[in-house]
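Please look over the sequence and the model shown here before reading the notes that accompany them.

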Amino acid sequence: MRIDVITIFPEYLAPLGVSLIGKAADRGLLDIRTHDLRAWTYDVHRTVDDTPYGGGPGMVMKPEPWGEALDTVIADVAPESPELLPTLVVPTPSGRPFTQAKAAQLAESSWLIFACGRYEGIDRRVIDSAAERMPVEELSIGDYVLAGGEVAVLVMVEAIGRLLPGVLGNAESVRDDSFASGAMESLLEGPVYTKPAEWRGQAVPEILTSGNHGAIVRWRRDQAFARTTVNRPELLAKLDVAALDKKDRIALAALGWRVEGERLVRDVGAGDEKPAPGDDFTV
Ligand code: JD8
């Protein structure tokens, strides 16, 4: 996959050169190119922003540098092969939610361009004119306000990159990722443990050293139910009950859930009592 990032802070993307994504790039699984937007400015101050039409606080990013930057980056795509066109991803707090499903969809692309805005954002005409020649995705990584798009690009490139074939070693599989489609879809991960078996007076749950694989799988699923009930109950409420087996329903009932039609519902307060110490459901 080729990834181009256009930003006024190229150094902000340096983390893409290390760890998982850095190694993937070293192995040629990813071709990541960062571009300084100011390369497409020609005045002594290398100006990329101006005051907003209609007034208001802050500054807006000018369209001209962006237009030229995108023209240059996609220049080597032959017009007669639109299938080779990249998808333009624009991080913005007013975008659609960036989710695991969106990450999986974008991981199917061969080429992504990320446009990092700053200030109050990018002049709208840049996105509208880009949409005339390539797919555009305006995405938000969460309901909080950042100062710019760079950190959102770091989040998205890691979430997408780790889904590419060969990037994750087989040990680290995406098979049972939280939020990934499949058994643990929209379930939070349960607690994890490693050696030593005893630490500061705390023992690892016996079940995990029992060697009873079936019981361990059951315990982990129950732990995922417990943590999801406490931290993200809305995820369980949208779970398709058809995916639940008998033991799932028993575990969820213990957490205050009941099946109503195809959905799980929970009586307010039900199962809210914090798991008592020694209860297996350590959240
Ligand atoms: C891109 C400029 C700052 C945003 C005025 C603060 C994503 N989940 C997210 N939160 N914030 C962003 C984000 C913020 C950005 C830009 C993404 C470009 N800003 C602006 C509007 C209000 N300032 C984001 N993804």
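Predicted model: local features only at pLDDT ≥ 70, side-chain atom pairs only at ≥ 80, totals over all residues.

Residues are numbered from 1 along each chain as its sequence is written, and side-chain values use heavy atoms, with hydrogens and water left out.

**A buried aspartate**

Asp4 is part of strand 1 (residues 2-7); strands (E, at least two residues) and helices (H or I, at least four) are DSSP runs, numbered from the N terminus. Its relative accessibility is 0%, so Asp4 counts as buried, where buried means under 20% relative accessible area, exposed over 50% and partly exposed in between, with a 1.4 Å probe and protein chains only. Leaving aside residues up to four places away in sequence, Asp4 touches Arg33, His35, Val73, Trp111, Leu112, Ile113 and Phe114, a contact being heavy atoms within 4.5 Å. The side chain of Asp4 also takes part in the polar contacts tabulated here. A polar contact is a pair of N or O atoms within 3.5 Å; within protein, one must be able to donate a hydrogen and the other to accept it, and residues adjacent in sequence count only if both atoms are side-chain atoms.

| Side chain | Partner side chain | Polar contact |
|---|---|---|
| Asp4 | Arg2 | 2.6 Å |
| Asp4 | His35 | 2.7 Å |

**Backbone features**

Most residues other than glycine have a negative phi, and most peptide bonds are trans. Arg46, although not a glycine, has a positive phi of about 45°; Arg46 lies in the loop between strand 2 (31-36) and strand 3 (49-50) and, at 38% relative accessibility, counts as partly exposed. Arg200 likewise has a positive phi, near 45°, and is placed in the loop between strand 8 and strand 9 (202-203), where Arg200 is exposed with a relative accessible area of 71%. A cis peptide bond, with omega about 5°, joins Lys195 and Pro196, and Pro196 belongs to the loop between helix 5 (150-161) and strand 8 (198-199).

**Helix 6**

With 19 residues, helix 6 (residues 213-231) reaches 27 Å from its first C-alpha to its last, close to the expected 27 Å, the expected span being 1.5 Å times one less than the number of residues. Its buried residues include Ile216, Trp219, Asp222 and Phe225. The buried residues of helix 6 pack against helix 7 (233-237), helix 8 (246-254), strand 10 (257-260) and strand 11 (263-266).
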